[in-house]
Amino acid sequence: MAGNRDRFATFSTATRLKQLGERTAAHVYRSQSRRQVRRSRLTGRAALLVLVLCTLVVALAYPMRQYVSQRSEIATQEKAAATARDRLERLRDEKARWQDDAYAEQQARKHLHFVRPGEISYIMSDPGGQGPEHRRGGQSGADRPWYSNVWDGVDKADRPGD
């Protein structure tokens, strides 16, 4: 210990500070160069990782978009098929009802104003109406008997002004 002290004693304080500064500078320089090497290596790895992730995103974006759109199309088609099945079931029920003669006769009486032989049919007019022209104009074609619609068509064809 005394030998070290003697060796430092021969140097001036300025020289000792200079050597201490050089050693500290060398130490700092070595640690900075190590950090720079680590940073550049880490940055390269990070860049490669980002490149790989971007490539995966680009490669999977279109198939995922197609998958999602096809799933929504499938859902839409399944809804349409269910609606068509319901409509088909209603039409089958209606067809079965029309197979019954009593139902067909009921509909003919209701919509076509058919009567059986020997029956008398009465058609009530609107007591507040002003005449046949007013009554025809106030009702839609579906609300009137079929023969009224036919007769109106003949009347319209007869008039050259309309």
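Helices (H or I, at least four residues) and strands (E, at least two) are DSSP runs, numbered from the N terminus. The structure described here is a predicted model, in which local features need pLDDT of at least 70 and side-chain atom pairs count only at pLDDT 80 or more, while totals for chains, interfaces and linings use all residues. Residues are numbered from 1 along each chain as its sequence is written, and side-chain values use heavy atoms, with hydrogens and water left out.

**Overall make-up**
- The protein chain holds 5 helices and 0 strands, and its elements, read from the N terminus on, run α-α-α-α-α.
- Of the 162 residues in the protein chain, 4% count as buried, where buried means under 20% relative accessible area, exposed over 50%, and partly exposed in between (1.4 Å probe, protein chains only).

**Helix H5**
- Helix H5 covers residues 146–158, and its 13 residues reach 19 Å from the first C-alpha to the last, close to the 18 Å expected at 1.5 Å a residue; the expected span is 1.5 Å times one less than the number of residues.
- Ser-148, Asp-152 and Asp-155 are the buried residues of H5, and, seen down the helix axis, they fall within an arc of 60°, so they line one face of H5; the arc is that of the directions from the helix axis to the C-beta atoms.
- An α-helix has 3.6 residues a turn, so residues three or four places apart point the same way.

**Helix H3 and what follows**
- Helix H3 (residues 101–112) has 12 residues that should span 16 Å at 1.5 Å a residue, which agrees with the 16 Å between its end C-alpha atoms.
- Ala-108, which lies in helix H3, is buried, with a relative accessible area of 16%.
- Leaving aside residues up to four places away in sequence, Ala-108 touches His-113 and Phe-114, contact meaning heavy atoms within 4.5 Å.

**Aromatic pairs**
- A search of the whole structure finds 2 aromatic pairs, where rings of Phe, Tyr and Trp (its six-membered ring) pair if their centres lie within 6.5 Å, and planes under 30 degrees apart count as stacked, over 60 as edge-to-face and the rest as tilted.
- The ring centres of Trp-98 and Tyr-103 are 5.2 Å apart and their planes stand at 80°, so this pair is edge-to-face.
- Trp-146 and Tyr-147 also form an edge-to-face pair, with 5.9 Å centre to centre and 80° between the planes.
- Trp-98 counts as partly exposed at 41% relative accessibility, as do Trp-146 at 42% and Tyr-147 at 33%.
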